[in-house]
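Have the structure open as you read.

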Amino acid sequence: MTDRRVDPDDGVAYTFDELAAYYKGKYKKKAIEAYWDTCTPVKGKKGKAAEPKAKAKSKAKAKAEPKAKAKAKAKAKAKEPKPAG
């Protein structure tokens, strides 16, 4: 299979082999095939070569973001003026 489909989980286009390699070990082959059928086919034949790597990076960033947001909230609270009294 050389066509690309968009993984609804991250919005990135993959070939079946790329998708199967990513989810290998997490899901059985039948589940991956069923999931592939739910992915939206990409119009056109061109795709970005670097997209498969983006999935791994986006997962890592997603784990790091909550910490950054928590720090931002802490800084925002620290900047609020304290009422006199």
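## How the helices meet

At roughly what angle do the axes of H1 and H2 cross? They cross at roughly 130 degrees and come within 10 Å. The axes here are lines fitted to C-alpha atoms, for helices over the stretch in contact, with angles running from 0 to 180 degrees between N-to-C directions. Angles under 35 degrees count as roughly parallel, over 145 as roughly antiparallel, 65 to 115 as roughly perpendicular and the rest as oblique, so H1 and H2 are oblique to each other. Their crossing is right-handed, as the near helix is turned clockwise from the far one by less than a right angle.

From H1, the contact (heavy atoms within 4.5 Å) draws on Phe16, Leu19, Ala20 and Tyr23, while H2 brings Ile32, Glu33, Tyr35 and Trp36.

## A word on the model

This is a predicted model, with pLDDT of at least 70 needed for local features and 80 or more for side-chain atom pairs, while totals for chains, interfaces and linings use all residues. Numbering starts from 1 along each chain as its sequence is written, and side-chain values use heavy atoms, leaving out hydrogens and water.

## The nonpolar core

Nine residues make up the largest nonpolar core: Val12, Tyr14, Phe16, Leu19, Ala20, Tyr23, Ile32, Trp36 and Cys39. Such a core is a set of buried Ala, Val, Leu, Ile, Met, Phe, Trp, Tyr and Cys residues joined through side-chain atoms within 4.5 Å. Buried means under 20% relative accessible area, exposed over 50% and partly exposed in between (1.4 Å probe, protein chains only).

Helices H1 (16-23) and H2 (29-38) each supply at least two residues of this core, and the largest share, four residues, comes from H1. Helices are DSSP runs (H or I, at least four residues), numbered from the N terminus.

## Aromatic pairs

Rings of Phe, Tyr and Trp (its six-membered ring) pair if their centres lie within 6.5 Å; planes under 30 degrees apart count as stacked, over 60 as edge-to-face and the rest as tilted. The count comes to four aromatic pairs. Phe16 and Trp36 have ring centres 5.5 Å apart and planes at 85 degrees, so they're edge-to-face. That pair links H1 to H2 across 20 residues, and both Phe16 and Trp36 are buried.

Tyr23 and Tyr35 are also edge-to-face, at 5.7 Å centre to centre and 80 degrees between the planes. Tyr23 sits in H1 and Tyr35 in H2, 12 residues apart. Tyr23 is buried at 8% relative accessibility, whereas Tyr35, at 24%, is partly exposed. Ring pairs link Tyr22, Tyr23, Tyr27 and Tyr35 into a cluster.
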